[in-house]
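I am opening a notebook page on a structure that is new to me, and I want to write down what I looked up and how each term is meant.

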Amino acid sequence: MTIRKEQPNDYFTVENLTREAFWNVYRPGCMEHYVLHMLRTDPSFVSELDYVIEEEGKIIAHIAYAEGVLRTEAGTQRLLLFGPVSVLPEQQGRGYGAQLISFTLEKAKELGYPAVVITGNPDYYSRFGFESASKYGIFYEGMDPTEEAPFFMVKFLQDAAAGTIRGVYSDPPCYFTAPDLVEAFDRQFPPKKKEKHSGQLE
């Protein structure tokens, strides 16, 4: 197993991997492969933290990072977020995603980033040191600050950052997609059946 930087000639393979990983998980079909495609050419993309896991010459997992915006009383600053994190379905449950997250969080710390935010399952992400962002006065755009939002979390990479960064956080616009653009992009991949399952968000 090798963890290495993603290369341009990996792009289509990784987009297909991402499609396989997310298909019918959160909604019928998926949009994460298109988000990744758009992210790579977006100013928010952090190419230094764009990594894959390769095993026996095959890419089996990938992670991408971007810079979101935190609006504070003093102005704005950049905060890291990661995602999509993708693992081939047949390789899931073997710790590859966790290895990529741990590896790249350490790289992000070395690059000097103060913190990383993520929206996800607290039971999973707490193992990497993520905590409720509202505990530190960081709120997701559109959230009611008086309501609990345990799914929006932060991990401080620099000790001095904890308690000194406060404000309202926004994801990069490229994370929000139009269904017709996703449909058009998806046509270049092998046909897959969209299915509605219980537990999907949409």
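**Helix contact**

I looked up where H1 touches H2, and found that Val14, Glu15, Thr18, Arg19 and Phe22 in H1 meet Glu32, His33, Leu36 and His37 in H2, contact being heavy atoms within 4.5 Å. I sorted the residues of this contact into 3 nonpolar, 3 polar and 3 charged, where Ala, Val, Leu, Ile, Met, Phe, Trp, Tyr, Cys and Pro count as nonpolar, Asp, Glu, Lys and Arg as charged, and the others, Gly among them, as polar.

I note that this is a predicted model, in which local features need pLDDT of at least 70 and side-chain atom pairs pLDDT 80 or more, while totals for chains, interfaces and linings use all residues. Residues are numbered from 1 along each chain as its sequence is written, and side-chain values use heavy atoms, with hydrogens and water left out.

The axes of H1 (residues 11-22) and H2 (residues 32-39) come within 8 Å and cross at roughly 150°; helices are DSSP runs (H or I, at least four residues) and strands likewise (E, at least two), numbered from the N terminus. Axes are lines fitted to C-alpha atoms, for helices over the stretch in contact, with angles from 0 to 180 degrees between N-to-C directions. H1 and H2 are therefore roughly antiparallel to each other, a term for angles over 145 degrees.

I then asked which element gives the largest share of the lining of the largest pocket. S4 does, with 7 residues.

Key:
Angles under 35 degrees count as roughly parallel, over 145 as roughly antiparallel, 65 to 115 as roughly perpendicular and the rest as oblique.
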